[in-house]
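My entries follow in the order I made them.

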Amino acid sequence: MKDLSVFADQYKPNFGMDWSPPATEAELAALSHSDLAKYATARKYAEQRADINPVGSGWVLPSWRKAMDAWSKYNIIVILGGQRSGKSMFASRLCVWAAGTIPQAEVRAYHVNEDRSIEDQQRFIWDALPVGIKNLPTKKGIHHSVQYSQKNGFTDNVCILPPHPGARRGGVIKFGNYRQYQQDAQVTEGFKSHVIWCDEELPAKMFETLIYRTIDHHGRLILTFTTLSGWTSLIQDILGKTRTLEKRFSSLVGRELPVIQESLSRPGAGIFYFWTEDNAFIDTGDFLDKIKSRPKDEILARAHGIPTKAISGAFPGFNKDVNVVPHDQMPWIKNPDYAVTRFMAIDPAGSKNWFMLWVAIDADNTWWVYREWPDYDDWALPGSTIEGKAGPAQKGSRKGIKDYVELILNMEEGEIILERLIDPRLGAAEKQSADGATTIISDLDDAGMTVIPAPGVDIENGLQLITNKLAYDDSAKITSINAPKLYVSERCHNIIYALQEYTASGGKNEATKDPVDCLRYIAVSNPDFMDNKEPDRYNRTGVY
């Protein structure tokens, strides 16, 4: 039987005209009379076309174009926008485009409740329709229904566009809301959709359900909201682990912020940050004047769409956009003459993998975390409890002491490691063997690798030492004087995630504990940069 399915990823949104700001007074003054007349005519014509067909001929902001370009790459498109940043206008045009372009398209649109659906979402959809559709002689037929009123929205909460030539049915946009789902979760079961748009933050369980409603049509789930509730369970699901693809400097907070990311904790999700100041369709001056005096977390959320944690972890000073750097920007990679002193830490285990971390310290006492193991998969994953979930990288690989020594030396490729530290409890714990009592420390020594137990300092003390390395005045511009003293290579995704998520409240079961423990072992050992001209005060390890 011939497959008659039409897939959303067979089509790509590429509608509208790239935004061109009106000429300034100085630019207009420089034009000749005839050129000025031509400009006025062309601008008026462009505006008229945009009014007649907002999707096909309307202006498209640069941030919109970037999200459209990612259509084929991500099946979940998350638009975290500042207030009045144009995110809903863009999503409504995507829905109209899909309903009018994909034959027999099934589009769903959800808002928080029925009133908001009518006042916001349905109004945006109506405004995005071409004038020719709005003015159809017959608003309702066998295969179309475009009945709308400002008071009640679309009749029966549905908009059906006239079908494509040869198609049996018209593209459908059906409207629903989160309150319906909270009253009866079955309302999100059973249907198949090419595009689903959820405006404002939806319940996390509803999000999980809607993902499966797009599978049959290779559909796209579009989320648009401003993150005023902080680090919610939905945000944790999507932003728990991310890779930043593009950054941009914000004058409001004085540093670079992400504008495009992709989720590592929710594969297939792309995150796009829409800034309020970029919305060319409104006057944002008053908003920006008011927001710049507000707390930084509020500025990030309301002006840039960037969420901040409602409950801080153990390291609130850690910021991926500041403390994570490209691996090729490690200073000794950029400059082979850049001197660093290298340290390593091991958190051994019995049934699961060991976790290992490498840190280089420079003459300015800045720490550079440049390697970790395991580096091939996630050590920890987001979970429904404070402990999180153990990731696949924790699963044991049956490595023995000699295997670990070989692995370590192969990764280091001849690097000089000044000191290797290990969990003082498990590293020195005795176990019985055929040759008598041994420890992991003695077994490593027998295999040719000298390690020493980290100082047995209180955990809180070690966490504070790490916090001290992250401290700087984040309200001022980062300079050589005002800057954190700890940076992490982008390759070390497990320690990055641990520094974001570790709370120190989950005890030994906290999934992110081991990477933090490794960093803590180094911190409590009071490591220093050692210039070659200085006496070797680390002669206890024998690693030189």
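Entry 1. I began with Ile77, which stands opposite Ile222 in β10. Strand β3 (residues 76-81) and strand β10 (residues 220-225) run parallel and are joined by five bridges. I note that strands of a sheet pair through backbone hydrogen bonds, either parallel or antiparallel.

Entry 2. On provenance: this is a predicted model, in which local features need pLDDT of at least 70 and side-chain atom pairs count only at pLDDT 80 or more, while totals for chains, interfaces and linings use all residues. Residues are numbered from 1 along each chain as its sequence is written, and side-chain values use heavy atoms, with hydrogens and water left out.

Entry 3. I then traced the sheet. It is open, has nine strands with mixed pairing, and its order is β7-β8-β4-β9-β10-β3-β13-β12-β11. Strands are DSSP runs of E of at least two residues, helices are runs of H or I of at least four, and both are numbered from the N terminus; two strands pair if DSSP finds at least two bridges between them. β7 (158-160) and β11 (242-250) are the edge strands, each pairing on one side only. From one strand to the next the twist averages 20°.

Entry 4. I looked up what lies across the sheet. Helix α4 (residues 62-69) lies across β3, β11, β12 (255-263) and β13 (269-274), and runs at about 175° to β13. Axes are lines fitted to C-alpha atoms, for helices over the stretch in contact, and angles run from 0 to 180 degrees between N-to-C directions.

Entry 5. How do α18 and α20 cross? The axes of α18 (residues 459-470) and α20 (residues 513-524) come within 9 Å and cross at roughly 85°. The two are therefore roughly perpendicular to each other (65 to 115 degrees). The contact (heavy atoms within 4.5 Å) is made by Ile459, Gly462, Leu463, Leu465 and Ile466 of α18 and Val516, Leu519, Arg520, Ala523 and Val524 of α20.

Entry 6. Is Thr188 buried or exposed? I found Thr188 in the loop between α8 (178-183) and β9 (195-199). Thr188 is buried, with a relative accessible area of 0% (buried means under 20%, exposed over 50%, with a 1.4 Å probe and protein chains only). Its side chain reaches the backbone oxygen of Ala185 at 3.0 Å. Not counting residues up to four places away in sequence, Thr188 touches Tyr110, Tyr181, Met206, Thr209, Leu210 and Arg213.

Entry 7. Of its 544 residues, 50% are buried.

How values were computed. Angles under 35 degrees count as roughly parallel, over 145 as roughly antiparallel, 65 to 115 as roughly perpendicular and the rest as oblique. A polar contact is a pair of N or O atoms within 3.5 Å; within protein, one must be able to donate a hydrogen and the other to accept it, and residues adjacent in sequence count only if both atoms are side-chain atoms.
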